Amino acid sequence: MPVNASAKIRSKMDQYAADPASLANLVKRLQGSDYLRLRVGDWRVIFREDGSVVAVIKVASRGSAYE
């Protein structure tokens, strides 16, 4: 993963943790799962939110994120 992409992903996750409503149009719940996904360019972050904890499950490119 390119360094600039990882920095952008970290920034977006920090932004989501601080204010989930700010990224509401980029976050969707995965069908048949308790996981959410955040779209960051061509990258997808699969994560779970448990109250005050945001646990990142997987970070992958768009094509392989859902496998």
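Which residue takes a positive phi in the hairpin of E2 and E3, and how many residues lie between the strands?

Mentor: The residue is Gly41. Its phi is positive, near 65°. The hairpin of E2 and E3 has two residues between the strands. Keep in mind that this is a predicted model.

Now look at the two strands themselves. Strand E2 covers residues 36–40, and strand E3 covers residues 43–50. They pair in the antiparallel sense, over five bridges. Pick out Leu38: Val45 in E3 stands opposite. In general, strands of a sheet pair through backbone hydrogen bonds, either parallel or antiparallel.

Move on along the chain. E3 and E4 also form a hairpin, again with two residues between them. Gly51 sits in that turn, with a positive phi of about 65°. The pairing of E3 and E4 is antiparallel and runs over eight bridges.

Next comes the helix. H1 has 16 residues, so at 1.5 Å a residue it should span 22 Å. The end C-alpha atoms are 23 Å apart, which agrees.

Which side of H1 is covered? Ala5, Ile9, Met13 and Tyr16 are buried. These residues cover an arc of only 70° around the axis, so they lie on the same side of H1. Their cover includes E1, E2, E3 and E4. The face turned away from the buried side carries exposed residues: Val3, Asn4, Arg10, Asp14 and Ala18.

Beyond its neighbours within four places in sequence, Met13 is in contact with Leu38, Val45, Phe47, Val54 and Val56. Met13 also belongs to the largest nonpolar core, which has eleven residues in all. H1, E2 and E3 are the elements that give two or more residues to the core. In soluble globular proteins, nonpolar side chains tend to be buried together.

Finish with Tyr66, in the segment after E4. Tyr66 counts as partly exposed because its relative accessibility is 45%. Leaving aside neighbours within four places in sequence, Tyr66 is in contact with Leu30, Arg37, Arg44 and Ile46. Take Arg37 from that list. Tyr66 and Arg37 are 29 residues apart in sequence. In space, their C-alpha atoms are 9.7 Å apart.

Conventions
Residues are numbered from 1 along each chain as its sequence is written. This is a predicted model: local features need pLDDT of at least 70, side-chain atom pairs count only at pLDDT 80 or more; totals for chains, interfaces and linings use all residues. Side-chain values use heavy atoms; hydrogens and water are left out. Two strands pair if DSSP finds at least two bridges between them. Helices (H or I, at least four residues) and strands (E, at least two) are DSSP runs, numbered from the N terminus. Buried means under 20% relative accessible area, exposed over 50%, partly exposed in between (1.4 Å probe, protein chains only). Contact means heavy atoms within 4.5 Å. A nonpolar core is a set of buried Ala, Val, Leu, Ile, Met, Phe, Trp, Tyr and Cys residues joined through side-chain atoms within 4.5 Å. The expected span of a helix is 1.5 Å times one less than its number of residues. The arc is that of the directions from the helix axis to the C-beta atoms.
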